[in-house]
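Subject: Structure handover

Hello,

Here is the structure for you to look through. My notes follow below it.

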Amino acid sequence: MGANGFVEALLQFLQSAVCEGNLMAQENGAMALFNLAVNNDRNKEIMLSAGVLSLLEDMVSNTPSYGCATALYGNLSTLDEAKRLIGMSQAVQFLIELLQADSDIQSKQDSIHALYNISTVPSNLPNLLSSGIVGGLQTLLLDQGDCSWIEKCIAILINLASSQDGIEEILSTPGIIGALASILDTGELQEQEQAVSCLLLLCNRSEKCCEMVLQEGVIPALVSISVNGNPRGREKAQKLLMLFREQRQRDHSSVPVDTHQCPPETGDLSMPPSEMKPQCKSMSRSKTGRAFSFFWKSKSFSVYQC
């Protein structure tokens, strides 16, 4: 069908439907194009060259028929050339607004899928950030009633954190770090791995982030993941714990020690024993307990010993 002119014909049909305000025709036209684009990069390229993106912009700006348009954006965004073009267009604002709107779950998932693909192109990051993508992701991460999009949301944050502006935006958005810390406790293994990877990336680039993460009381969850997580999750959790330990050692080495009086214990790393029990849902108590005890009693933590 793509090789015999159906793409161009359907685009003309969709354009007429948009001009006439015919919602049913718009949905049918967009879904027909969607089906032609599935697993077919050649048809996607024909659509791009024929002006499908400008037509979609007209469609979503003039009618409430956004579900099919969002699905088509998500489908097209798998093409490298489309990632760049969509990332520079007004579609970015539309897709981000869907994250916070009272829209159906499928539309949100399609929007997240498209935004993830767009975020893999570094030149798109400034437009994504200025359009408020971090705030949109925050809304979804804080509302974890439906967890089907958590992994993709965190994957977008990881892509955004490849730039300094992205890191600053993430750290300045209330609730993001707390939401990631909560996933360490309650998420599935793959979600925990994604959350640890994101926090490790952020903390490696920002000491401020280290402080924010530690204030969330993540040490028990990280110890549990380092024992019970999937292979990549265990590796990332161990690296993050080591990063915290090295930072505390640096902080301690720069502070004069009063030899006549033990320094008071400060910070979230000095929680009383009753508060240091891991709460992760998938932990193995005996193994996690031994790892946790070793982590805290290690001589490397001389800052907490008198």
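The crossing of helix 8 and helix 11 is left-handed (the near helix is turned anticlockwise from the far one by less than a right angle; clockwise would be right-handed). Helices here are DSSP runs of H or I, at least four residues long, and strands are E runs of at least two, numbered from the N terminus.

This is a predicted model: local features need pLDDT of at least 70, side-chain atom pairs count only at pLDDT 80 or more, and totals for chains, interfaces and linings use all residues. Residues are numbered from 1 along each chain as its sequence is written, and side-chain values use heavy atoms, without hydrogens and water.

Back to the pair. The axes of helix 8 (residues 105-119) and helix 11 (residues 150-160) come within 9 Å and cross at roughly 20 degrees. Axes are lines fitted to C-alpha atoms over the stretch in contact, with angles from 0 to 180 degrees between N-to-C directions. The two helices are therefore roughly parallel to each other (angles under 35 degrees).

Which residues of helix 8 meet helix 11? They are Ile 112, His 113, Leu 115, Tyr 116 and Ser 119. Their partners in helix 11 are Lys 152, Cys 153, Ala 155, Ile 156 and Asn 159. Contact means heavy atoms within 4.5 Å.

Now the whole chain. The protein chain has 18 helices and zero strands. Buried residues make up 49% of its 306 residues (buried is under 20% relative accessible area, exposed over 50%, partly exposed in between, with a 1.4 Å probe and protein chains only).

Best wishes

Definitions and conventions: Parallel < 35°, antiparallel > 145°, perpendicular 65-115°, else oblique.
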